[in-house]
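This report concerns a pocket and a helix pair in one protein model. The sequence and structure are shown first.

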Amino acid sequence: MSDTHRQPIPDNRTLGSCKTPVPDEEQRLAATVAAHPMLDSVGALARLLAQLPPELPLWLDEHVRWDPNERLKRQLLTVTPRIVWVASAVETEDVSGKPGLELGTVCIPFDSTPDVQAAVAVRRDLLPADPYASAEECLEQGDVPGALGDLATLLQDIAALLSDVTDGSEGGSLDAESLRVEAARIGQAAARIARLATTDQEEDRG
């Protein structure tokens, strides 16, 4: 998978710098997949696959995706399909490629109607639940405050994990005390970066 480039194909998408309209076949594939927003069983997956060409490339999204604004609400996981553009890693004006099926895992609201859950499942703006991967995507999209917030969360998680390690160590050992100091330093760095993220967000709004 390292030698390919995959991008979503909405119905009105243009491809690369050559601005080639999405062919009718790709629109048909996208429409077929759109009718199956959530795959909650093997049977649901089989019904979708029966409508797709057997030679269609298959990929897995390596990240569980979610809306971070909904993280405090009760959620559940579902599998969602999407059609993506599979092209060579070396892009040119006449880049060739083809559509492929990608299966992803997303967090959807637990106490919601099926229509609301499906609307969340097919969103293309959901970020990886992993803060490091989310920070990378935010940077790619030019969202520096979002990336800083994710990195602050990552450092907070590391500091908390180090604290858990020290709790299992001998209380008076030199190593345990050193780990406590490092955990405190990382936690302080996380707090400083979180403040920078907030400052950048306020500047963007201003």
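**Basis and pocket lining**

The model is predicted. Three elements, β7 (127-128), α4 (131-140) and α5 (144-167), each contribute at least two residues to the lining of the second largest pocket.

This pocket holds about 420 Å³ of space. Its lining comprises 19 residues, and those nearest the pocket centre are Pro68, Asn69, Arg71, Leu127 and Asp150. Sorted by class, the lining consists of eight nonpolar, seven charged and four polar residues.

**Packing of α4 against α5**

Two of the lining elements, α4 and α5, also pack against each other, at an angle of about 165° and with 8 Å between their axes. Because angles over 145 degrees count as roughly antiparallel, α4 is roughly antiparallel to α5. The crossing of α4 past α5 is left-handed.

**Residues of the helix contact**

On the α4 side, the contact is formed by Pro131, Tyr132, Ser134, Ala135, Cys138 and Leu139. The α5 side provides Val144, Gly146, Ala147, Asp150, Leu151, Thr153, Leu154 and Asp157. The classes represented in this contact are nine nonpolar, three polar and two charged residues.

Asp150 belongs to both descriptions: this residue of α5 takes part in the contact with α4, and Asp150 is also among the residues nearest the centre of the second largest pocket.

How values were computed: Residues numbered from 1 in each chain as written. Predicted model: local features only at pLDDT ≥ 70, side-chain atom pairs only at ≥ 80, totals over all residues. Heavy atoms only, no water. 1 Å grid on protein atoms, 1.4 Å probe; cavity = no way out; pocket = protein on both sides within 12 Å on 5 of 7 lines; lining within 4 Å. Points joined across faces, edges and corners; volume = space filled by probe spheres on them. Helix = DSSP H or I, 4+ residues; strand = E, 2+ residues; numbered from the N terminus. Nonpolar A, V, L, I, M, F, W, Y, C, P; charged D, E, K, R; others polar. Axes fitted to C-alpha atoms, helices over the stretch in contact; angles between N-to-C directions. Parallel < 35°, antiparallel > 145°, perpendicular 65-115°, else oblique. Left-handed = near helix turned anticlockwise from the far one by under 90°. Contact = heavy atoms within 4.5 Å.
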